Amino acid sequence: MRETYAAPLPGMNLAEMTGKLIVIEGTDGVGRSTQIRLLRPWLEQQGRAVLDTAIKRSELAGKGIQQAKEGHTLGRITLSLFYATDFADRLEHEIIPALRAGFVVLTDRYIYSLMARAIVRGADARWIRNAYGFALKPDATFYLRIGVDDLIPRVVFSRGFDYWESGMDIHPSEDMYDSFRKYQTELLTEFERLAKEYNFEVIDATPDVRTVFEHLRAGVARVLSGEPREPLFSVPAPVGNVLEQTTKKVLEMPGPAKTITPVEEEPAPTAHALARAAEGDSNT
Amino acid sequence: MKRYGEHRFPGKLFVVEGIDGSGKSTQLTLLHQWLQGEGYGVVFSEWNSSPLVRETTKRGKKKQMLTPASFSLIHCTDFADRMEHNILPLLKAGAVVLCDRYIYTAFARDVVRGMDSQWVRELYSFAVKPTAAFYFRVPLDVAMKRILDGRSGVKFYEAGMDLGLSESPEESFRIFQGRILDEYEKMVPEFDLTTVDATLPIEEQQTLMRQIVKAKLAQAKRLRVAP
């Protein structure tokens with residue numbers, strides 16, 4: 001039976017939700033929505049009904065959050081709670097009905113991004129965990145991992161720096177590049193903590209879209225077939241990539257080449273095998 | 001992030017609580033007039049009044065799309081906005097802040113709607129503890145009579161119609177308010193609410209309120225010398 005992290009919401013029938021809840025997590029600009037755009041048709045080709053949902057898409061609060069973010073009077077606690085309202089509305093009016101109907105629900109971010117953002121902005125960790133205590137535990141959370149150095153060129157050459165994604169509300173005195181780097185480093189550090197706590201399945205997001213998709217697809221195929229999680233699937237944390245300070249330290253050390261060679265450039269053979277298995281004979 | 005507890009700001013925070021028809025807003029208006037006359041810098045903040053959140057709440061109520069969870073969260077968002085931009089800075093500045101309904105309203109309503117009572121309390125844990133919280137205790141029948149005499153009808157969520165308690169708005173309102181009353185009674189010892197007998201004549205209640213407020217106003221700033 002499905003579970004929630006703490007007390008369920010009134011009227012929430014956990015026994016009836018036969019669909020699968022699959023979370024794609026990762027920081028701003030890491031390529032979550034691109035991957036979901038690829039996953040959806042792939043799932044539909046196999047005859048799976050798919051609902052995809054993302055933050056701020058609720059009928060109730062999506063517009064309100066957008067408007068509030070355009071002004072300059074949105075407080076940090078208020079912002080967190082506005083997001084929680086949006087999440088509750090989507091959970092009850094989209095996610096749960098879809099799970100009841102047997103859909104595969106692909107959610108672009110879940111409570112974890114919202115928690116990370118709130119914590120980086122000074123929210124009490126216990127408070128924010130309580131706020132999302134009614135959330136359903138997903139069937140799997142795939143975390144697209146990237147270090148800040150790999151993230152920056154992607155953001156710069158696609159959409160540029162955004163006020164909120166650069167944490168300009170908390171580092172207002174600096175320019176957007178410095179602010180982005182600082183804020184995203186803090187966020188990524190928090191994501192790593194959450195990855196452990198909530199048992200994320202980590203996917204290296206630094207290779208090209210196709211490669212990332214192959215890994216993700218293999219993971220999703222496994223979840224849908226009900227096979228147990230392959231422990232080797234998770235990739236070790238990139239040394240010196242997530243934390244800037246660590247990078248510097250590692251680079252100062254003599255002969256660091258082996259230490260900083262990103263392990264994830266050679267994906268674990270198991271992941272490859274799974275990817276090929278999922279794909280069948282084509283394309284490999 | 002600070003948690004619920006005594007604040008050390010120079011300002012003072014007085015709140016009124018009670019079911020609809022308890023007369024709390026009337027009493028707060030009278031207190032407001034008196035404090036202004038005494039020369040204090042007084043600011044009033046009403047439940048569910050944040051301009052940032054207003055449109056969202058309005059949409060949710062109009063389309064009747066609020067669930068107990070989103071009802072709770074949108075009201076908490078509204079409260080947070082007023083706390084962060086209004087109540088806290090004003091208390092720091094030394095103002096006397098008057099709130100018509102405070103966190104206890106949420107605790108009563110949300111729990112009656114089925115939300116977990118510890119969850120709601122933790123959700124509002126960023127709130128400042130009031131200098132004094134007045135609870136206007138009134139029997140359900142008295143409150144019902146005051147409400148139904150004075151208004152053309154009660155609104156959907158006000159009557160707790162979302163809970164499906166009764167087909168009749170009036171009956172639903174009675175059951176809903178009765179349950180809220182029970183929640184308030186539980187909170188009197190839990191949060192040390194100052195109980196006022198709301199069946200007493202208005203002037204008597206006001207005299208009592210002013211005595212209590214006056215005793216707690218030592219540090220608050222006066223804008224000018226009292227006339």
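Predicted model: local features only at pLDDT ≥ 70, side-chain atom pairs only at ≥ 80, totals over all residues.

Residues are numbered from 1 along each chain as its sequence is written, while chains are lettered from A and ligands numbered from 1 in the order in which they are written.

Chain A holds eleven helices and five strands, where helices (H or I, at least four residues) and strands (E, at least two) are DSSP runs numbered from the N terminus. Of its 284 residues, 43% count as buried, that is, with 20 or more other C-beta atoms, placed from the backbone, within 10 Å of their own.

Turning to the interface, the contact takes 29 residues from chain A and 29 residues from chain B; two residues are in contact if their C-beta atoms, placed from the backbone, lie within 7 Å. Which elements of chain B give two or more residues to this side? They are helix 2 (54–62), helix 3 (68–92) and helix 5 (117–123) of chain B. Helix 3 of chain B supplies the largest share, eleven residues.

Lastly, the strands, which pair if DSSP finds at least two bridges between them. In chain B, strand 4 (residues 132–137) runs parallel to strand 1 (residues 12–17) over four bridges, with Glu17(B) opposite Tyr135(B). Strand 4 of chain B is also joined by four bridges to strand 5 (residues 194–197) of chain B, again in parallel, and there Arg137(B) has Asp197(B) as its bridge partner.

Terms used:
Buried ≥ 20, exposed ≤ 12 C-beta atoms within 10 Å, placed from the backbone.
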